[in-house]
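Thanks for coming. Please look at the sequence and the model on the screen before I start.

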Amino acid sequence: MHNRKLILSLKDINSNKKGNIAAIFSLSNGYMGIQASDPITGANDVGTLVNGFFEYSPITYGEPAAFYPKNNQTIVSLPSLRKIRLLDENNHSFNFSELKNISLDLSNGQLTEVYEVSNQGGEKIEMTVASAIDQKKLAFYGIKFSFKPISYQGKLVVDKHYKIERKNNDGVGEVEDPRKTRLVKSISKHIISSDDFREVIKIETKESQQSVTIEGYSTSEKMLTKRALKTGFDITYIYKVSEGVKNKGVSIEQNSFDKIKEHSHKFWEDVWNQSEVTVSGNDEINLALHFNIFQLNQATGRDGKTNIAAKGLTGSGYEGHTFWDTEMYMLPYFIYTNPEFARNLLIYRYHTLTFARKRAKELGIKHGALFAWRSINGEETSAYYPASTAAYHINGDIAYAIGKYYEATDDDDFMEKYGFEILLETARFWREFGSWTEKGGKKQFEFLTVTGPDEYTAMVDNNYFTNRMAENNLKLAYTVGLRLAKSNQKVFDRLNSSESELREFHHIADNIYFPMNAQYQINAQDDSFFSKPVWPFNKTPKTKYPLLLHYHPLNIYRYQVNKQADTILADFLFPETITDSQLRREFEYYETITTHDSSLSRSIFSAVAARMGKVNHAYRYFTDTVRLDLTDLQGNTEDGLHLANLGGSWLDVVQGFAGMQVSSQGLLKIIPHLPAEWDSFQIRLAFKKRLLDIVIDKSQTQIVLLSGDPMEIVINQSQQTLTKIIKINN
Ligand code: BGC
């Protein structure tokens with residue numbers, strides 16, 4: 001077993017900005033999120049975030065048009081569970097604080113912070129804060145404050161009543177950065193009951209009509225207590241946050257800080273056991289990888305009704321919205337380590353089908369469904385259609401993820417209840433949305449006026465990525481549908497499908513047009529891409545990046561310039577569609593025009609470079625990716641962590657350096673590319689009810705079957721039967 005690095009502290013991050021620390025060290029459990037904001041000053045605190053708890057506000061259009069989305073959706077900042085007020089015996093507050101250390105133990109989810117807190121006279125006390133979030137009874141959070149004298153010895157007043165007068169998202173106004181959040185004003189907050197040891201408040205949203213009850217409980221001292229500091233004392237508070245007006249489930253007295261810690265510890269033990277990713281020979285990367293996986297797990301809605309926001313529950317950036325980020329960047333990790341989480345994330349999409357069908361109709365497509373580009377509840381909420389609704393590929397992304405989930409799990413129950421319906425409705429969308437045209441005497445199927453993944457190119461014809469995703473979507477509907485027609489005719493009938501409909505999907509898929517660039521002999525990003533001039537990179541100072549904050553979108557759209565991987569992402573997802581030599585040409589071309597202004601870019605370039613055998617090159621992208629938030633590479637970690645990129649770093653290790661793929665016959669393939677900087681690395685993968693442990697070092701690859709039946713596996717092109725252990729020289 002390799003040595004995991006599981007303690008993250010202040011020295012491991014490159015910036016002491018309070019907002020960055022608050023986001024990086026935040027605790028969450030897929031249901032609620034609590035940033036590590038300063039409990040004394042509350043600086044940068046977005047309060048408590050509950051997954052799926054949002055408020056509507058009307059979108060104001062200067063020039064409205066038909067079927068533009070009517071409402072924003074914004075995740076609500078609920079009152080902080082950490083904020084505390086400390087007063088000296090003269091009722092002067094201790095309101096200056098300095099963080100001395102902070103450490104997050106990834107093995108058990110416990111966070112410890114040490115602050116030096118002072119009053120106006122400069123008298124000091126030490127405050128240690130230990131906190132944990134419950135990973136089993138998701139409504140609970142526990143926090144223990146320990147006070148010790150430094151230069152102040154007198155009496156200390158500790159007030160842990162909620163500060164409920166603050167507005168939502170105080171201090172984060174409507175700004176020009178589209179990645180930030182907006183103010184929500186239509187929230188009401190009431191105290192329901194309050195006694196010496198307990199305070200219960202209720203928060204209601206006016207428009208979305210949601211409500212949350214927060215119960216705070218002090219296990220020993222009163223909520224407002226006065227004690228002599230002497231050698232020091234501790235106070236522990238337990239919080240319960242439940243949706244709805246009444247508190248449901250386990251009562252606060254039935255839980256305790258110790259139990260919360262125990263539940264959390266057990267959860268993390270299972271996570272690490274199931275999803276090992278440990279590097280030997282580089283502690284910094286070893287730790288960063290564990291941190292990324294920790295935050296990925298923390299962010300994930302587990303109930304089939306909630307998803308993963310682009311920033312998880314670590315900040316309010318992108319307003320708590322879910323994007324394609326989940327399916328393309330985060331789901332792979334869950335599919336191959338914890339399929340149950342993956343299943344629930346896909347079921348969330350199923351629950352949004354009603355909105356998706358409505359959206360398709362609004363766009364003139366009578367049969368089928370179009371999923372929201374960005375949303376909390378599944379309803380499209382973006383006001384800027386060129387970089388949202390036009391990104392029709394979201395349909396194909398979800399279908400792709402369903403295909404991959406099924407390939408790795410054989411979960412027929414999921415497919416029959418949820419998966420096939422999504423595949424079918426999205427395939428129907430493509431059929432009606434696309435059009436037959438004649439090119440060079442051949443009838444071909446095209447998708448016009450779409451935006452691909454690269455948001456610096458919009459509203460183009462035949463985006464290569466989109467066309468590939470649509471092809472895959474139509475083929476999946478065909479193959480899964482044919483199987484179901486034989487095994488479970490009822491499902492097939494319920495959805496009103498027929499074999500001739502499936503054959504039509506197949507026929508369309510077989511005739512989709514893919515743009516090529518004849519000069520470079522590479523896939524063209526879209527029909528018009530190569531008729532545009534290349535962005536004047538040599539005249540663009542570093543300070544003008546990301547371009548989206550400095551140039552009008554139309555200014556960007558008329559050039560060849562990529563915000564993120566687009567055609568290269570398609571190559572990554574469909575390796576069988578491209579030869580090695582074309583991939584090399586394509587990678588070189590698109591790399592020179594890609595800014596990586598989106599955090600969804602570098603990880604893909606890394607994984608593809610590794611596949612091409614350019615391991616040093618891949619490693620350079622990877623080192624940026626794996627520590628992207630720890631170094632604040634994008635400059636906006638304070639708005640929340642970049643969840644897709646966290647998943648991307650896992651993709652790089654598993655699908656890049658371990659070269660993991662699933663062959664067209666459904667066999668797991670490993671093609672190792674060990675970075676020169678590492679001695680070895682170890683990963684664990686769940687695949688078709690087996691758990692595999694894989695260690696790749698300089699001389700060999702070892703695969704151990706930890707559980708499940710023997711299986712066929714391909715290592716370095718040679719097929720082997722894995723019964724217990726295989727060792728192959730690299
Ligand atoms: C990227 C999108 C992504 C979104 C949320 C944007 O900057 O271009 O691809 O879905 O961020 O992470």
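I will go through the nonpolar core and then some aromatic rings.

This is a predicted model, where local features need pLDDT of at least 70, side-chain atom pairs count only at pLDDT 80 or more, and totals for chains, interfaces and linings use all residues. Residues are numbered from 1 along each chain as its sequence is written, and side-chain values use heavy atoms, with hydrogens and water left out.

Start with the core. A nonpolar core is a set of buried Ala, Val, Leu, Ile, Met, Phe, Trp, Tyr and Cys residues joined through side-chain atoms within 4.5 Å; buried means under 20% relative accessible area, exposed over 50%, partly exposed in between, with a 1.4 Å probe and protein chains only. The largest core has 202 residues, and Phe25, Leu86, Met127, Phe147, Ile214 and Trp324 touch the most other members. Helix 9, residues 464–487, gives the most to this core, with twelve residues. Helices here are DSSP runs of H or I, at least four residues, and strands are runs of E, at least two, numbered from the N terminus.

Now the rings. Rings of Phe, Tyr and Trp (its six-membered ring) pair if their centres lie within 6.5 Å; planes under 30 degrees apart count as stacked, over 60 as edge-to-face and the rest as tilted. There are 51 aromatic pairs in the structure. One of them, Tyr336 with Trp650, is stacked, at 6.4 Å centre to centre and 10° between the planes. Tyr336 is in the loop between helix 4 and helix 5, and Trp650 is in helix 17, 314 residues apart. Tyr336 counts as buried because its relative accessibility is 3%.
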